[in-house]
Amino acid sequence: MSEVSSIDHVQELLAGEGYVCGRDLATVTFLALRLGRPIFLEGEAGVGKTEIAKAIASALGRDLIRLQCYEGLDAASAVYEWNFAAQMVAIRTAEASGGADRAALQEELFGPDYLVERPLLQAMRPHNGGAPVLLIDELDRTDEPFEAFLLEALSDFQVTIPEIGTIKAPEPPIVIVTSNRTREVHDALKRRCLYHWVDYPDFAREMEILTSRAPEAAEALSREVVAFVQRLRTEDLFKKPGVAETIDWAKCLLALDVLTLSPEVIADTLGAVLKYQDDIAKLQGSEAKRLLDEARATLEPA
Ligand SMILES: Nc1ncnc2c1ncn2[C@@H]1O[C@H](COP(=O)(O)OP(=O)(O)OP(=O)(O)O)[C@@H](O)[C@H]1O
Ligand SMILES: [Mg+2]
(Lines give C-alpha, C1' and ligand atoms only; values in the text may rest on other atoms or scores of the structure.)
(Ligands and ions follow the chains in the order given, each with its own letter.)
Protein backbone atom coordinates (compact mmCIF):
# COMPACT_ATOMS: atom_id res chain seq x y z
CA MET A 1 0.00 0.00 0.00
CA SER A 2 2.55 2.49 -1.11
CA GLU A 3 -0.02 4.81 -2.61
CA VAL A 4 0.43 7.29 0.19
CA SER A 5 3.87 8.76 0.39
CA SER A 6 3.60 10.99 3.45
CA ILE A 7 1.30 12.42 6.09
CA ASP A 8 0.92 15.56 3.98
CA HIS A 9 -0.07 13.40 1.07
CA VAL A 10 -2.83 11.79 3.17
CA GLN A 11 -4.11 15.23 4.13
CA GLU A 12 -4.12 16.29 0.49
CA LEU A 13 -5.92 13.17 -0.68
CA LEU A 14 -8.60 13.57 1.95
CA ALA A 15 -8.93 17.29 1.30
CA GLY A 16 -9.60 16.36 -2.32
CA GLU A 17 -12.66 14.51 -1.01
CA GLY A 18 -13.77 17.48 1.06
CA TYR A 19 -12.57 15.84 4.28
CA VAL A 20 -10.65 18.12 6.58
CA CYS A 21 -8.14 16.05 8.46
CA GLY A 22 -5.91 17.27 11.29
CA ARG A 23 -2.28 16.27 11.48
CA ASP A 24 -2.96 13.74 14.25
CA LEU A 25 -5.66 11.83 12.37
CA ALA A 26 -3.65 12.06 9.15
CA THR A 27 -0.68 10.49 10.92
CA VAL A 28 -2.76 7.58 12.20
CA THR A 29 -4.23 7.10 8.73
CA PHE A 30 -0.83 7.21 7.07
CA LEU A 31 0.58 4.62 9.47
CA ALA A 32 -2.45 2.39 9.14
CA LEU A 33 -2.12 2.41 5.36
CA ARG A 34 1.61 1.88 5.47
CA LEU A 35 1.63 -0.87 8.07
CA GLY A 36 -1.63 -2.49 6.98
CA ARG A 37 -3.16 -2.06 10.43
CA PRO A 38 -6.82 -1.40 11.20
CA ILE A 39 -7.76 2.06 12.47
CA PHE A 40 -9.95 2.29 15.54
CA LEU A 41 -11.79 5.61 15.76
CA GLU A 42 -13.69 6.57 18.85
CA GLY A 43 -15.50 9.83 19.44
CA GLU A 44 -18.73 11.72 19.88
CA ALA A 45 -21.53 11.53 17.35
CA GLY A 46 -21.20 13.49 14.14
CA VAL A 47 -17.49 14.25 14.27
CA GLY A 48 -16.48 12.56 11.02
CA LYS A 49 -15.68 8.97 11.99
CA THR A 50 -17.78 7.30 9.33
CA GLU A 51 -17.01 9.96 6.78
CA ILE A 52 -13.26 9.37 6.82
CA ALA A 53 -13.75 5.77 5.69
CA LYS A 54 -15.76 7.01 2.74
CA ALA A 55 -13.15 9.64 1.97
CA ILE A 56 -10.26 7.15 2.10
CA ALA A 57 -12.08 4.70 -0.16
CA SER A 58 -12.93 7.38 -2.64
CA ALA A 59 -9.48 9.00 -2.57
CA LEU A 60 -7.72 5.68 -3.19
CA GLY A 61 -10.30 4.47 -5.69
CA ARG A 62 -11.24 1.49 -3.56
CA ASP A 63 -14.60 -0.12 -2.97
CA LEU A 64 -16.19 0.69 0.36
CA ILE A 65 -17.78 -2.17 2.23
CA ARG A 66 -19.75 -1.23 5.30
CA LEU A 67 -20.68 -3.46 8.17
CA GLN A 68 -23.18 -1.51 10.23
CA CYS A 69 -23.20 -2.96 13.74
CA TYR A 70 -26.28 -3.34 15.88
CA GLU A 71 -27.36 -5.23 18.94
CA GLY A 72 -27.76 -8.89 18.10
CA LEU A 73 -25.62 -8.77 14.96
CA ASP A 74 -24.32 -12.27 14.43
CA ALA A 75 -21.86 -14.02 12.19
CA ALA A 76 -24.58 -15.02 9.71
CA SER A 77 -25.48 -11.41 9.00
CA ALA A 78 -21.86 -10.31 9.00
CA VAL A 79 -20.23 -13.04 6.91
CA TYR A 80 -22.62 -15.15 4.88
CA GLU A 81 -25.97 -16.84 4.84
CA TRP A 82 -27.57 -19.47 2.68
CA ASN A 83 -30.45 -18.25 0.62
CA PHE A 84 -32.97 -20.46 2.32
CA ALA A 85 -35.95 -19.38 0.24
CA ALA A 86 -34.15 -20.02 -3.06
CA GLN A 87 -32.94 -23.38 -1.75
CA MET A 88 -36.52 -24.35 -0.92
CA VAL A 89 -37.70 -23.37 -4.37
CA ALA A 90 -34.93 -25.41 -5.96
CA ILE A 91 -35.84 -28.43 -3.85
CA ARG A 92 -39.53 -28.14 -4.73
CA THR A 93 -38.71 -27.78 -8.41
CA ALA A 94 -36.47 -30.82 -8.29
CA GLU A 95 -39.19 -32.79 -6.51
CA ALA A 96 -41.83 -31.75 -9.00
CA SER A 97 -39.72 -32.75 -11.96
CA GLY A 98 -39.18 -36.09 -10.23
CA GLY A 99 -36.10 -38.25 -9.85
CA ALA A 100 -33.54 -35.54 -9.08
CA ASP A 101 -30.01 -36.62 -8.39
CA ARG A 102 -29.88 -36.04 -4.64
CA ALA A 103 -26.11 -35.68 -4.38
CA ALA A 104 -25.91 -33.22 -7.25
CA LEU A 105 -28.80 -31.24 -5.82
CA GLN A 106 -27.18 -31.11 -2.40
CA GLU A 107 -23.95 -29.87 -3.90
CA GLU A 108 -25.72 -27.25 -5.95
CA LEU A 109 -27.77 -26.03 -3.01
CA PHE A 110 -24.65 -25.32 -1.00
CA GLY A 111 -22.71 -23.76 -3.83
CA PRO A 112 -22.03 -20.17 -4.83
CA ASP A 113 -25.46 -19.68 -6.44
CA TYR A 114 -27.22 -19.95 -3.10
CA LEU A 115 -24.64 -18.16 -1.00
CA VAL A 116 -25.54 -14.69 0.21
CA GLU A 117 -22.34 -12.80 0.83
CA ARG A 118 -22.37 -10.35 3.71
CA PRO A 119 -19.83 -7.56 4.26
CA LEU A 120 -17.00 -9.54 5.89
CA LEU A 121 -17.00 -12.13 3.14
CA GLN A 122 -17.29 -9.45 0.45
CA ALA A 123 -14.22 -7.81 1.94
CA MET A 124 -12.22 -11.04 1.50
CA ARG A 125 -13.00 -11.19 -2.20
CA PRO A 126 -10.70 -9.74 -4.84
CA HIS A 127 -11.75 -6.25 -5.91
CA ASN A 128 -10.90 -4.23 -8.95
CA GLY A 129 -8.55 -1.44 -8.02
CA GLY A 130 -7.13 -3.18 -4.96
CA ALA A 131 -8.17 -4.24 -1.49
CA PRO A 132 -11.42 -2.58 -0.43
CA VAL A 133 -11.99 -0.34 2.57
CA LEU A 134 -13.92 -2.28 5.21
CA LEU A 135 -15.84 0.02 7.52
CA ILE A 136 -17.01 -1.66 10.71
CA ASP A 137 -19.28 1.07 11.93
CA GLU A 138 -20.43 1.61 15.51
CA LEU A 139 -18.88 -1.51 16.94
CA ASP A 140 -19.99 -0.54 20.44
CA ARG A 141 -23.55 -1.47 19.48
CA THR A 142 -22.76 -5.17 19.15
CA ASP A 143 -22.17 -7.58 21.99
CA GLU A 144 -18.96 -9.19 23.17
CA PRO A 145 -19.30 -12.57 21.47
CA PHE A 146 -19.49 -10.83 18.13
CA GLU A 147 -16.46 -8.78 19.01
CA ALA A 148 -14.50 -11.93 19.75
CA PHE A 149 -15.58 -13.36 16.44
CA LEU A 150 -14.53 -10.20 14.67
CA LEU A 151 -11.16 -10.28 16.33
CA GLU A 152 -10.52 -13.62 14.74
CA ALA A 153 -11.73 -12.54 11.32
CA LEU A 154 -9.48 -9.48 11.48
CA SER A 155 -6.43 -11.42 12.51
CA ASP A 156 -6.18 -13.71 9.49
CA PHE A 157 -8.57 -12.16 6.97
CA GLN A 158 -10.07 -15.44 6.03
CA VAL A 159 -13.46 -17.03 6.33
CA THR A 160 -14.25 -20.71 6.35
CA ILE A 161 -17.52 -21.96 4.93
CA PRO A 162 -17.81 -25.66 5.74
CA GLU A 163 -19.59 -26.54 2.50
CA ILE A 164 -17.28 -24.50 0.27
CA GLY A 165 -13.93 -24.15 1.95
CA THR A 166 -11.73 -21.34 3.16
CA ILE A 167 -11.79 -18.00 1.43
CA LYS A 168 -8.78 -15.82 2.05
CA ALA A 169 -8.35 -12.20 1.10
CA PRO A 170 -5.72 -11.84 -1.64
CA GLU A 171 -4.67 -8.64 0.10
CA PRO A 172 -5.94 -7.52 3.53
CA PRO A 173 -8.67 -4.88 3.33
CA ILE A 174 -8.14 -1.42 4.78
CA VAL A 175 -10.11 -1.73 7.99
CA ILE A 176 -11.70 1.17 9.84
CA VAL A 177 -13.56 0.46 13.05
CA THR A 178 -15.65 3.17 14.70
CA SER A 179 -17.28 3.42 18.10
CA ASN A 180 -19.42 6.02 19.82
CA ARG A 181 -18.23 4.61 23.12
CA THR A 182 -21.60 3.68 24.53
CA ARG A 183 -19.56 0.85 26.03
CA GLU A 184 -15.87 0.06 26.13
CA VAL A 185 -14.63 -2.11 23.32
CA HIS A 186 -12.41 -4.97 24.41
CA ASP A 187 -8.67 -4.38 24.79
CA ALA A 188 -7.80 -7.35 22.61
CA LEU A 189 -9.49 -5.77 19.64
CA LYS A 190 -8.13 -2.31 20.34
CA ARG A 191 -4.61 -3.68 20.58
CA ARG A 192 -4.76 -4.86 17.02
CA CYS A 193 -5.62 -1.41 15.80
CA LEU A 194 -4.15 2.06 15.72
CA TYR A 195 -6.35 4.10 18.01
CA HIS A 196 -7.50 7.66 17.59
CA TRP A 197 -9.99 9.72 19.57
CA VAL A 198 -11.86 12.03 17.22
CA ASP A 199 -12.66 15.17 19.16
CA TYR A 200 -14.86 18.10 18.25
CA PRO A 201 -12.81 20.36 15.98
CA ASP A 202 -11.61 23.72 17.20
CA PHE A 203 -12.96 26.92 15.67
CA ALA A 204 -10.47 27.11 12.83
CA ARG A 205 -10.88 23.51 11.78
CA GLU A 206 -14.65 23.63 12.01
CA MET A 207 -14.59 26.71 9.79
CA GLU A 208 -12.53 24.75 7.28
CA ILE A 209 -14.99 21.86 7.38
CA LEU A 210 -17.97 24.14 6.98
CA THR A 211 -16.34 25.98 4.10
CA SER A 212 -15.67 22.64 2.46
CA ARG A 213 -19.18 21.22 3.01
CA ALA A 214 -21.28 24.37 2.63
CA PRO A 215 -19.18 26.63 0.42
CA GLU A 216 -22.24 28.66 -0.53
CA ALA A 217 -22.54 30.09 3.00
CA ALA A 218 -21.13 33.59 3.45
CA GLU A 219 -18.08 33.71 5.65
CA ALA A 220 -19.61 36.11 8.16
CA LEU A 221 -22.57 33.78 8.78
CA SER A 222 -20.35 30.69 8.91
CA ARG A 223 -18.18 32.31 11.53
CA GLU A 224 -21.19 33.12 13.68
CA VAL A 225 -22.61 29.64 13.27
CA VAL A 226 -19.34 27.95 14.20
CA ALA A 227 -18.73 30.29 17.13
CA PHE A 228 -22.23 29.66 18.45
CA VAL A 229 -21.95 25.89 18.12
CA GLN A 230 -18.53 25.96 19.76
CA ARG A 231 -20.00 27.99 22.62
CA LEU A 232 -22.96 25.61 22.85
CA ARG A 233 -20.64 22.64 23.28
CA THR A 234 -19.28 24.10 26.49
CA GLU A 235 -22.81 24.07 27.96
CA ASP A 236 -24.06 21.17 30.00
CA LEU A 237 -26.19 19.48 27.36
CA PHE A 238 -27.60 15.98 27.11
CA LYS A 239 -26.37 15.73 23.53
CA LYS A 240 -23.84 18.20 22.22
CA PRO A 241 -24.04 19.14 18.55
CA GLY A 242 -21.54 17.44 16.23
CA VAL A 243 -20.01 18.79 13.06
CA ALA A 244 -22.89 17.28 11.13
CA GLU A 245 -25.26 19.58 13.03
CA THR A 246 -23.13 22.63 12.29
CA ILE A 247 -23.31 21.87 8.58
CA ASP A 248 -27.03 21.16 8.72
CA TRP A 249 -27.72 24.35 10.57
CA ALA A 250 -25.73 26.47 8.15
CA LYS A 251 -27.68 24.93 5.28
CA CYS A 252 -31.00 25.62 7.02
CA LEU A 253 -30.01 29.24 7.57
CA LEU A 254 -29.02 29.53 3.93
CA ALA A 255 -32.36 28.15 2.85
CA LEU A 256 -34.03 30.83 4.95
CA ASP A 257 -31.80 33.56 3.48
CA VAL A 258 -30.52 34.42 6.92
CA LEU A 259 -27.50 36.74 6.82
CA THR A 260 -26.78 37.00 10.49
CA LEU A 261 -27.83 35.17 13.65
CA SER A 262 -30.34 36.63 16.06
CA PRO A 263 -32.05 35.12 19.11
CA GLU A 264 -35.25 34.80 17.06
CA VAL A 265 -33.54 32.99 14.20
CA ILE A 266 -31.82 30.70 16.67
CA ALA A 267 -35.11 29.88 18.40
CA ASP A 268 -36.74 29.06 15.06
CA THR A 269 -33.97 26.81 13.76
CA LEU A 270 -32.58 25.23 16.90
CA GLY A 271 -33.99 21.87 15.88
CA ALA A 272 -31.17 21.57 13.35
CA VAL A 273 -28.60 21.77 16.14
CA LEU A 274 -30.15 20.25 19.24
CA LYS A 275 -32.19 17.09 19.11
CA TYR A 276 -33.48 16.79 22.65
CA GLN A 277 -36.32 18.83 24.05
CA ASP A 278 -34.51 19.26 27.38
CA ASP A 279 -31.54 20.80 25.60
CA ILE A 280 -33.76 23.03 23.49
CA ALA A 281 -35.64 24.13 26.60
CA LYS A 282 -32.36 25.30 28.12
CA LEU A 283 -32.01 27.89 25.39
CA GLN A 284 -35.40 29.46 25.95
CA GLY A 285 -35.83 33.09 26.93
CA SER A 286 -32.72 35.21 27.27
CA GLU A 287 -30.34 32.25 27.24
CA ALA A 288 -29.94 32.14 23.45
CA LYS A 289 -29.11 35.85 23.42
CA ARG A 290 -26.54 35.44 26.18
CA LEU A 291 -24.81 32.58 24.33
CA LEU A 292 -24.93 34.49 21.06
CA ASP A 293 -23.37 37.55 22.66
CA GLU A 294 -20.65 35.41 24.19
CA ALA A 295 -20.05 33.64 20.90
CA ARG A 296 -19.79 36.97 19.09
CA ALA A 297 -17.34 38.23 21.67
CA THR A 298 -14.96 35.41 20.76
CA LEU A 299 -15.13 36.52 17.12
CA GLU A 300 -14.31 40.18 17.69
CA PRO A 301 -10.50 40.08 17.60
CA ALA A 302 -10.41 38.34 14.22
N1 LIG B 1 -13.35 16.52 9.17
C2 LIG B 1 -14.43 16.62 8.38
N3 LIG B 1 -14.31 17.07 7.12
C4 LIG B 1 -15.40 17.17 6.34
N5 LIG B 1 -16.65 16.87 6.73
C6 LIG B 1 -16.83 16.42 7.97
C7 LIG B 1 -15.73 16.26 8.86
N8 LIG B 1 -16.20 15.81 10.03
C9 LIG B 1 -17.51 15.68 9.88
N10 LIG B 1 -17.91 16.04 8.65
C11 LIG B 1 -19.29 16.06 8.16
O12 LIG B 1 -20.13 15.69 9.21
C13 LIG B 1 -21.03 14.66 8.81
C14 LIG B 1 -21.09 13.64 9.91
O15 LIG B 1 -19.93 12.91 9.96
P16 LIG B 1 -19.94 11.36 10.24
O17 LIG B 1 -21.18 10.74 9.75
O18 LIG B 1 -18.66 10.80 9.76
O19 LIG B 1 -19.97 11.38 11.80
P20 LIG B 1 -19.72 10.17 12.80
O21 LIG B 1 -18.56 10.56 13.63
O22 LIG B 1 -19.65 8.90 12.07
O23 LIG B 1 -21.01 10.29 13.68
P24 LIG B 1 -22.03 9.18 14.21
O25 LIG B 1 -21.41 8.70 15.45
O26 LIG B 1 -23.25 9.98 14.45
O27 LIG B 1 -22.15 8.15 13.15
C28 LIG B 1 -20.50 14.09 7.52
O29 LIG B 1 -21.54 13.94 6.61
C30 LIG B 1 -19.54 15.12 7.01
O31 LIG B 1 -20.14 15.87 5.99
MG1 LIG C 1 -20.92 7.31 11.97
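These legends accompany close-up views of a predicted model.

**View 1. Division of the protein chain into three domains.** The protein chain is divided into domain 1 (7-79 + 118-198), domain 2 (80-113) and domain 3 (203-292). Between domain 2 and domain 3, the C-alpha centres are separated by 58 Å.

**View 2. Residues around ligand 1.** The shell around ligand 1 holds 19 residues, of which Gly48, Lys49, Thr50, Glu51 and Ala244 come nearest. Two or more residues of this shell are given by each of the elements α3 (49-60), α10 (203-213) and α12 (243-255). In terms of domains, both domain 1 (7-79 + 118-198) and domain 3 (203-292) contribute at least three residues to the shell. By residue class, the shell around ligand 1 consists of eight nonpolar, eight polar and three charged residues.

**View 3. Helix α12 and its buried face.** The 13 residues of α12 should span 18 Å at 1.5 Å a residue, and the 19 Å between its end C-alpha atoms agrees with that expectation. Val243, Thr246, Ile247, Trp249, Ala250 and Leu253 are the buried residues in α12. Seen down the helix axis, these buried residues of α12 fall within an arc of 160°, and therefore they line one face of the helix. An α-helix has 3.6 residues a turn, so residues three or four places apart point the same way. The cover over the buried residues of α12 includes α10, α11 (219-233) and α13 (263-269).

**View 4. Asp257, in the loop after α12.** Asp257 follows α12 and is placed in the loop between α12 and α13. Its phi is near 60°, a positive value in a residue other than glycine. Asp257 counts as exposed because it has 6 C-beta neighbours inside 10 Å, where the limit for an exposed residue is 12 or fewer.

View 5. Ala288, Leu291, Leu292 and Ala295 are buried in α15. Because these buried residues fall within an arc of 100° when seen down the axis of α15, they line one face of the helix. On the other side of α15, by contrast, Asp293 and Ala297 are exposed. Among the elements that cover the buried residues of α15 are α11 and α13.

**View 6. Helix α5, which is hardly covered.** From its first C-alpha to its last, helix α5 (residues 84-96) reaches 18 Å with its 13 residues, close to the 18 Å expected at 1.5 Å a residue. The count of buried residues among the 13 residues of α5 is zero. Just after α5, Gly98 takes a positive phi of about 70°.

View 7. Leaving aside residues up to four places away in sequence, Met124 touches Phe157, Gln158, Val159, Ile167, Lys168 and Ala169. For Met124 and Ile167, a separation of 43 residues in sequence goes with a C-alpha to C-alpha distance of 7.0 Å.

**View 8. Arg181, with a positive phi in a loop.** Arg181 lies in the loop between β8 (174-179) and α9 (187-192). The phi of Arg181 is near 60°, which is a positive value in a residue other than glycine. With 13 other C-beta atoms within 10 Å, Arg181 is partly exposed.

Notes:
Residues are numbered from 1 along each chain as its sequence is written. Chains are lettered from A and ligands numbered from 1 in the order in which they are written. This is a predicted model: local features need pLDDT of at least 70, side-chain atom pairs count only at pLDDT 80 or more; totals for chains, interfaces and linings use all residues. A residue is near a molecule or strand if its C-beta atom, placed from the backbone, lies within 6 Å of it. Helices (H or I, at least four residues) and strands (E, at least two) are DSSP runs, numbered from the N terminus. Ala, Val, Leu, Ile, Met, Phe, Trp, Tyr, Cys and Pro count as nonpolar, Asp, Glu, Lys and Arg as charged, and the others, Gly among them, as polar. Domain bounds come from an automatic or database domain assignment. The expected span of a helix is 1.5 Å times one less than its number of residues. A residue is buried if 20 or more other C-beta atoms lie within 10 Å of its own, exposed if 12 or fewer, and partly exposed in between; C-beta atoms are placed from the backbone. The arc is that of the directions from the helix axis to the C-beta atoms. Two residues are in contact if their C-beta atoms, placed from the backbone, lie within 7 Å.
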